[in-house]
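Here is a walk through one protein structure. Keep the sequence and the model side by side as you read.

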Amino acid sequence: MIAGVGVDIVKVNRFKNLRVPLNILGLHEQKEYERRGKPADYLATRFAAKEAFLKALGSGISPIANMDLVQLLNDDNGRPYFALNGWVYDFVKRNHYYPHVSVSDEEDVVAVFVTIEKRRR
């Protein structure tokens with residue numbers, strides 16, 4: 001059963017020359033961001049993914065969102081997935097939610113679509 005859907009579209013240019021607050025990227029994302037030379041498209045993709053994820057949960061961006069607790073990572077094949085921590089992980093696990101994410105980018109635009117599936121216990 002689908003429990004929620006979220007989508008976000010951002011312009012990469014918004015993220016150029018932006019000082020990144022530590023609460024936007026999680027630890028693994030921060031390391032990858034630094035390793036890649038702080039590219040705007042990496043930051044834009046992560047921001048859009050987190051916003052789409054939180055929309056799918058029904059909360060959206062708010063002061064209690066804790067964006068660093070939601071990380072968009074890639075597996076060995078490049079497939080994106082969410083790594084969740086803290087209260088976000090607890091909430092998703094307690095509700096038997098399983099997030100699915102699709103990321104698309106074209107020059108200076110990033111679009112992210114998130115579906116949250118509610119699985120039976």
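Strands here are DSSP runs of E, at least two residues long, and they are numbered from the N terminus. Thr115 lies in one of them, strand 5. Keep in mind that this is a predicted model.

Start with Thr115. Its relative accessibility is 14%, and the cut-off for buried is under 20%, so Thr115 counts as buried. Leaving out residues up to four places away in sequence, Thr115 touches Ile2, Gly4, Tyr98, Pro99 and His100.

Now turn to the core. The largest nonpolar core has 31 residues. Within this core, Phe53, Phe82, Val112 and Val114 touch the most other members. Several elements each supply at least two residues: helix 2 (40–57), strand 2 (70–74), strand 3 (80–84), helix 3 (86–94) and strand 5 (109–118). Helix 2 gives the largest share, 12 residues.

Neighbours within four places in sequence are set aside here. Val112 is then in contact with Gly6, Val7 and Asp8, with Thr45, Ala48, Ala49 and Ala52, and with Val101, Ser102 and Val103.

Of its 18 residues, 16 are buried, so helix 2 is largely enclosed by the rest of the structure. Gly58 follows helix 2, and the phi of Gly58 is positive, near 95°.

Next come the charges. The structure holds seven salt bridges. Which residues are linked in a network of salt bridges? They are Asp8, Glu51 and Lys55.

An α-helix has 3.6 residues a turn, so residues three or four places apart point the same way. Glu32 also forms a salt bridge with Arg36, with the closest N and O atoms 2.7 Å apart. Arg35 counts as exposed, at 61% relative accessibility. Arg36 is partly exposed, at 45%.

Finish with Arg119 and Glu117. They form a salt bridge, with 3.5 Å between the closest N and O atoms. Arg119 counts as partly exposed at 40% relative accessibility, and Glu117 counts as partly exposed at 22%.

Conventions:
Residues are numbered from 1 along each chain as its sequence is written. This is a predicted model: local features need pLDDT of at least 70, side-chain atom pairs count only at pLDDT 80 or more; totals for chains, interfaces and linings use all residues. Side-chain values use heavy atoms; hydrogens and water are left out. A nonpolar core is a set of buried Ala, Val, Leu, Ile, Met, Phe, Trp, Tyr and Cys residues joined through side-chain atoms within 4.5 Å. Buried means under 20% relative accessible area, exposed over 50%, partly exposed in between (1.4 Å probe, protein chains only). Helices (H or I, at least four residues) and strands (E, at least two) are DSSP runs, numbered from the N terminus. Contact means heavy atoms within 4.5 Å. A salt bridge is a side-chain nitrogen of Lys or Arg within 4 Å of a carboxyl oxygen of Asp or Glu.
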